[in-house]
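Keep the structure open beside the text as you read.

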Amino acid sequence: MASEEDVIEPVAVSSATQNLGRRRFSHDSNNLSPDELDGLISSSDGRPFVTVHHLPEIEHEFYLMPNTPVTCRVDNTEKYTTRSKVNVGTLYTVRLTHGPFHWIVKRKYKHFQELHRDLYKHKILCHLNPRGRQQLRAISEEMPSLHGTERTRRTSSKMKYLEEYLNGLLENAFCRNDHSMLEFLSVSSLSFVTDLGPKGLEGPIIKRSGGHRIQGLNCIGHHQLCFRWSHRWLVVKDSFLMYMNRRNANINFVLLFDPEFKVQVGHAYTDTKHGLCIENFTRNLIIKCRSYRQTHWWTHEINQLADSCDFLKVQRFEGFAPPREATLTKWYVNGRGYFEDLADALEQAKEEIFITDWWLSPEVFLKRPAKDNHWRLDEILKRKAEQGVKVCVLLYKEVEMALGISSDYSKRTLMNMHPNIKVMRHPDHLSSVVFFWAHHEKMVAIDQTVAFVGGIDLAFGRWDDSQYLLTDLCLTEEQPLEDVKDNGVAYGQNPDKSAEQTPDNLTGNTKLWLGKDYSNFITRDWVELDKPFEDNVDRTKVPRMPWRDLSAAIHGRAARDVARHFIQRWNFTKIFKSKYKDDFYPYLLPKSQSTADSLSFTVPGSRKAKVQVLRSADRWSTGTCENSILNAYIQIIENSEHYIYIENQFFISCADGKTVHNGIGDAIANRILRAHREQKKYRVFVVIPLLPGFEGDISTGGGNAIQAILHFTYRTMCRGEHSILSKLSEVKDQWTEYITFCGLRTHSRLCQSLVTELIYVHSKTLIADDRCYIIGSANINDRSMLGSRDSELAVLVEDEERVPSVMGGEEYEAGPLTLALRKECFGVLVGAASDPSINIDDPISDDFFFLVWNERAKLNDTIYDKVFRCLPCNAVHSMQDLRQYSSQERLCNTDADQAAEELKAVRGLLVHFPLKFLCEENLLPPLNTKEGMAPQELWT
């Protein structure tokens, strides 16, 4: 808990907007109670991982595990030439065991002599100190003699009596925990943390400053006078190394193993005698050893520890993480189930919570309807922080003039709740020269054991379910939530002004979206996010825009891969931004894969499959370069045999080498051409939002931002020489047998008026052949896919089991997870949930593709056009057509009863994407507008 001096202002009421001018906590809340500290150090089979967050509180007397013997065996000797090149010395190999941990140290005889001298000196000092005399009286054992017993000297070698001597010291409680003994054994507070893997290599080093491969972090000069040398304690584990200040136990730097990792020796690499150069993507670390022999011994040991590390090799799709077999995983369609499982998982956190989002709303509720604040995100994180869990949050630092997601408000709101909540924002646009690219990934990792990845930010507007309600007024007892059916049509719904709730009093609340959470961002984008419980639009007049999205939960080794990615970004940001270099923002350590199969909890409903973590990363965002998401998309499309289903917020592709560079659209076209030439059945389903997610009135053209995205979307689909349909010219009109482009729409009744709204597709999903799928944060555009622009995260899930299914009218072995996901998506989109006569078992059959999928989309198109005259639509080819079309009367206004009758024929949510909308207009922004002056890379 925080002490009184930590708090510089009174705690605000959780629901009220706080004074966010400065953060309330200036240093960490590390102090453990005696009982907590005793629980931390009392384990005899390895320390808990939470130890890494309390290193300064662990005295050196407790580095070794209590009631657990340390045994040694001196079993080898090596000869070496001393500095005089005349005398030949002996180097002893000492093999040590402490509980389940085993390690080796190499020592000269003089090191045994120095240890004996230091222990004897300490014993003399204790005799002179009254408190020390009491300590010595409690110890009955005498220090053994360095020269061994008479019998040992007579019958055994020097190696044997050194072994007996050291074992004798280690049985002596006074000697075993002495600082000089711990250094002789190469032991620190991190040595026996089970989740860090094997004990590894440790020891004192002298390290040189600089070496960072990040602009602005190194001294301008290269002369020796430009460097500083510092004494540190090096710790090498099985997937990283780090050094720390031995005196205060603060971790000063962490270097993760990656494909660029190498250890080199020699003056040519280090510019120093007995130097060692350790490299990875982000740094060349120079350390100085005591001798030539130690330099080569450490090189050998570091390479041996790193040799089994998965991250040294470039993996499939040129990714950083390998496929992890038999991984428990679960998919989510829409935010409701995702938020509920995430809330329950957060409650299980014992050590760490990692969160990274493009946008985070502290006041978002994870379980609804909210009856109190218990399941509000900021309250959950505060509750866990008070229990000692370290909460680390990475937020995208937006360009405030261009984007209003108020990340500074989110940061200060969270950090003012408890010192165990740390929030970083990145990038600094000027210093990093990054103005257009964003951290777009969405991820939560809990205890590095369970992770959630996908397209859903923990933010307003994201919570939804398969009903996609357009309204959220206070329902009366006679109008329960369950009465809202089909397309969200809730007849007789009226606002109940007397039932307004405040965030401090949610008793009896029936609203699902409180305050800013009720949104229609094309009508009005979010503003004043520091007033979260004030409505952004008038919910009695404006329908909300439903939000469709997908995410996934993963466990074990794959979850550790996700956590490692977060740790890499966190440590990179800490190094890069000077404001985060203090000890309040800790370096994070990745857990070892050797303990990843030990799961403290699992997400209900998870099944086993092969899971690979993919990402888009660049030197500005993570310190490394990767575009494995793009590579996976293209390979899966090329290798698919029967169909692909794409659900994405954007669809901007088809490379021309100038404007657009990702080849996903080209892969789709080539795969269709292959199927056409082979005369085989192959289907491509593309579902995207009917309009881009920018504020604008589409009845007047939508604005420059909406039109810019539409331009590049149509360029991908059907307009221009690089489009998919242009590449399918040899197929001619038969392209409709292979590919379909759709959007989603629904309708309801708001205050007795019929309303409609598009469903905003925010998903980033690819499903192929009922056997594998990708879920992540990456859109189909250059920003997300190239790796050098936005940072992204995704998972590829491949079913390892098979269940009987049907494909193309024949028996087929499908993957259970992928099959269930595809059926969930298709069932909701075509209305199979309300019409059991619809068969969605065979996704490529003519009956389904033409008579269900395309016919439903066409029928819904016709009905919505007749009732609401919806935009966008194929009848509008020009701005003149748009003005005429928008001025015509709508059936929903002239004859509401007839309109309601027509709407009863709507089934599902599908409508065709209007390929001819504004086809006679140039949709690129005029050059004299701010959108036109922006580089085209901003839109692609």
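Phe685 counts as buried because its relative accessibility is 0%; buried means under 20% relative accessible area, exposed over 50% and partly exposed in between, with a 1.4 Å probe and protein chains only. Before going on, please note that this is a predicted model, in which local features need pLDDT of at least 70 and side-chain atom pairs count only at pLDDT 80 or more, while totals for chains, interfaces and linings use all residues. Residues are numbered from 1 along each chain as its sequence is written, and side-chain values use heavy atoms, with hydrogens and water left out.

Which aromatic pairs deserve a look? The structure holds 41 aromatic pairs; rings of Phe, Tyr and Trp (its six-membered ring) pair if their centres lie within 6.5 Å, and planes under 30 degrees apart count as stacked, over 60 as edge-to-face and the rest as tilted. In one of them, the ring centres of Tyr332 and Tyr338 are 5.7 Å apart and the planes stand at 75°, so this pair is edge-to-face. Tyr332 and Tyr338 are both buried. Tyr643 and Phe685 also form an edge-to-face pair, with 6.3 Å from centre to centre and 80° between the planes. Since Tyr643 belongs to strand E21 (residues 643-648) and Phe685 to strand E22 (residues 683-687), the pair ties together parts that are 42 residues apart in sequence. Helices (H or I, at least four residues) and strands (E, at least two) are DSSP runs, numbered from the N terminus. Tyr643, at 0% relative accessibility, counts as buried.

Helix H20 (residues 816-830) and helix H21 (residues 846-868) have axes 9 Å apart, at an angle of about 55°; axes are lines fitted to C-alpha atoms, for helices over the stretch in contact, and angles run from 0 to 180 degrees between N-to-C directions. H20 and H21 are therefore oblique to each other, given that angles under 35 degrees count as roughly parallel, over 145 as roughly antiparallel, 65 to 115 as roughly perpendicular and the rest as oblique. From H20, Phe826, Leu829 and Val830 meet Phe848, Val852, Trp853 and Arg856 of H21, where contact means heavy atoms within 4.5 Å.

Trp853 leads on to the core. The largest nonpolar core has 234 residues, and those with the most contacts inside it are Ile278, Phe452, Tyr645, Phe651, Ile668 and Trp853; such a core is a set of buried Ala, Val, Leu, Ile, Met, Phe, Trp, Tyr and Cys residues joined through side-chain atoms within 4.5 Å. H21 gives the most to this core, with nine residues.

Now for the backbone. Most residues other than glycine have a negative phi, and most peptide bonds are trans. The bond from Arg368 to Pro369 is cis, with omega near -5°, and Pro369 sits in the loop between strand E12 (352-357) and helix H11 (377-386). The bond from His426 to Pro427 is cis too, with omega near 5°. Leu918 has a positive phi of about 50° although it is not a glycine, and Leu918 is buried, with a relative accessible area of 0%.
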